[in-house]
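Keep the 3D view open as you read.

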Amino acid sequence: MNETPAPGQPAQDQQPVNGQRHQEHLPPWLAEARNRWASGPRTGGPLRRARDDRLVGGVMAGLAARTGLDVTLLRVALVVITLLTSGVAAIAYVVAWLVVPAAGETTSIASRAATDKRGIALVAGLASILITVLVIISALGAGWLASLAWPVVPCAICLVLIWRNAPADEQVILRRQAAPLTGLAEGGKPRRKLRIIVTLVLLALGISLLSIGHHRSAVLDPIGGVLLVIAGIVVLLGPWWLRIARDLALERQARVRAEERADIAARVHDSVLQTLAMIQRAADEPQRVVQLARAQERELRAWLFDGRPPGSITDEAPTVAAGVRHIQQEIEARYEVAVEIVTVGDCELDDDLAALLAAGREATVNAAKWSGSRVISLFAEVGPAQVALFVRDRGKGFDPAAVPADRKGVAESIRARMERRGGEATIRSAAGQGTEVTLTMPRAARRGDTASRPAGDAKQPAPSRS
Amino acid sequence: MTTAAAPGSGRPRVVIVDDHGLFRSGVRSELGDQVDVAGEAGDVAPAIDLIAQTVPDVVLLDVHLPGGGGQRVVAATRDVLPGVRFLALSASDAPEDVIAVIRAGARGYVTKTISGAELIDAIHRIAAGDAVFSPRLAGFVLDAFASMPGTEESKPAFDSELDQLTAREREVLRLIARGYTYKEIARELFISVKTVESHVSSVLRKLQLSTRHQLTRWASERRLT
């Protein structure tokens, strides 16, 4: 019942939302591990590198989102495994960075790198130099060092390809992460010089202790060497790490702000811009203009001073069905149309469902204003896993392909609003045949449940985590 | 919408039962000469007498009547005069009252906001023996049958074929609820209008014959809230 694609739409149009249709059977140990360490809901779907929580390439954050395991745990595990395997795991990480597409993209960096002829030439050159160096080192009798250092070669190759072929937004992050390394060469401030000297001394001490320790195979000396090397690295790179952490936080804030701005734009469109359009149409009815202006002023004041956003249905209606009734009353009062509502099932509103209703309200406003239809049908169905809202009119209709992309109403107020929340909007219309807007939103409360329970595995229900 | 004329006669005989005189005369003038209005009644008892006297093809029946609701008119008439068919009408009523009238034997339900042309069409279809589901009735029925869960692991014994809607019937009801006409539904689902009608009639039959206790439970829950 919750998986009815809009008839006539191919079913694959409906993207799996939050992996609800994704079926998988987990080995028991992984299921167990997930129950113990899971920190958040799994998104499911194919593995994607995360954009939000990335430290380096976003592979671990992506894996965490995919498996539901804690991201810090995964990172620590990676570092430990890297040390234990003397760097082999690092290769796996960099290769994953190269071949796994970033969230929201379909192509990986590797697919772009395949066409980067100069990059490949550069990589071939670099690899041959590195290999030569390693061969010389082992020829000089430090074979153990060469065997430790060989994973550097594939890592360097992959990193060069990533550096050259990463998408623009990743380039920015990469550049910032590499900034201190490039900055070191420039020198400048005495403090930086001091830091480099201290680092070099610590590193030299540590590495010499390490190499001596290797010969003697004593235990204490190598540990001391490792500590010295680590101290050197911390002194050298500590400030840089701090800055990266700060920058990541700033970047996250910027993204939140951008989303807020989009939300405000959608609300202004729904309220102020719509009212202004109506005032223009009713220019020869002073009474109506005054009434519209008053209502808008009230709404705007409530938003600016009381923090009640226009078109926010949550305040007025606690549930989906009540929200639909609220839309009906509002639209019937404001426009001279009849809104016929049918609701099946009901549930409480959360932010996602409020966005669904806001988009539905906007679709209804559009139908009332432009379709010329006297009756608009609103059908809301609350299913166990999703809520669907259909807005249908029998008016003029339009060619959805012919709508200019800059028209805010459909693009921002309906589609983007749904997609920001993981929902979906489909618009079907043809000239002379009316319009139907189909909005679906997965139910948040059910997301975790549905995702964590492998479909068709009734014998072994996952412990509920609600 | 398809105009399925009543077999044998172009103008079905209609009785209007509603406690609002204004509404009765409004409907009468809207129907014009498309149907033959045999009489009007404003209460349960006079309505039963009038129907017995005139034996109309279709009775337009208000869901809410002072003397105990439209369902009593249907209940009193259906065994004596099985040929008389009922179309329930209301402004806005609680789902359980509408379902009660349908379960008593009415063959359809429309809201009073319906246009004259659509009402005439609905009367013709009722007279021809079809069921007429308005979007709201479709919603009520989906709601009533949805509250019984398909999620329950074991199917209880009373869960007979009558107590469940098929996937196709649900699909048809959902499209009706979305405001589609039978013709549009037929096009949408690649079936004929006749098939759509038979699905709707089958839903009506289940609604009337089902003894499913969920249906009653659903109604009583509704009444409580």
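Predicted model: local features only at pLDDT ≥ 70, side-chain atom pairs only at ≥ 80, totals over all residues.

How do the two helices lie relative to each other, parallel or perpendicular? H3(B) covers residues 70-78 and H4(B) covers residues 95-104; their axes come within 8 Å and cross at roughly 5°. Angles under 35 degrees count as roughly parallel, so H3(B) and H4(B) are roughly parallel to each other.

Now turn to chain A. Here you can find an open sheet of five strands, in the order S1-S2-S3-S5-S4, with mixed pairing. Strands of a sheet pair through backbone hydrogen bonds, either parallel or antiparallel. The edge strands, each pairing on one side only, are these:

| Edge strand | Residues |
|---|---|
| S1 (chain A) | 338-344 |
| S4 (chain A) | 424-429 |

From one strand to the next, the twist averages 10°.

Which way do S3(A) and S5(A) run, parallel or antiparallel? Strand S3 (residues 386-393) and strand S5 (residues 435-442) of chain A run antiparallel, and eight bridges join them. Look for A:Arg392, which stands opposite A:Glu436 in S5(A).

Finally, helix H14 of chain A (residues 351-371) packs on the sheet, touching S1, S2 (375-382), S3, S4 and S5 of chain A. The direction of H14(A) makes about 5° with that of S3(A).

Methods:
Residues numbered from 1 in each chain as written. Chains lettered and ligands numbered in written order. Axes fitted to C-alpha atoms, helices over the stretch in contact; angles between N-to-C directions. Helix = DSSP H or I, 4+ residues; strand = E, 2+ residues; numbered from the N terminus. Parallel < 35°, antiparallel > 145°, perpendicular 65-115°, else oblique. Pairing = 2+ DSSP bridges. Contact = placed C-beta atoms within 7 Å.
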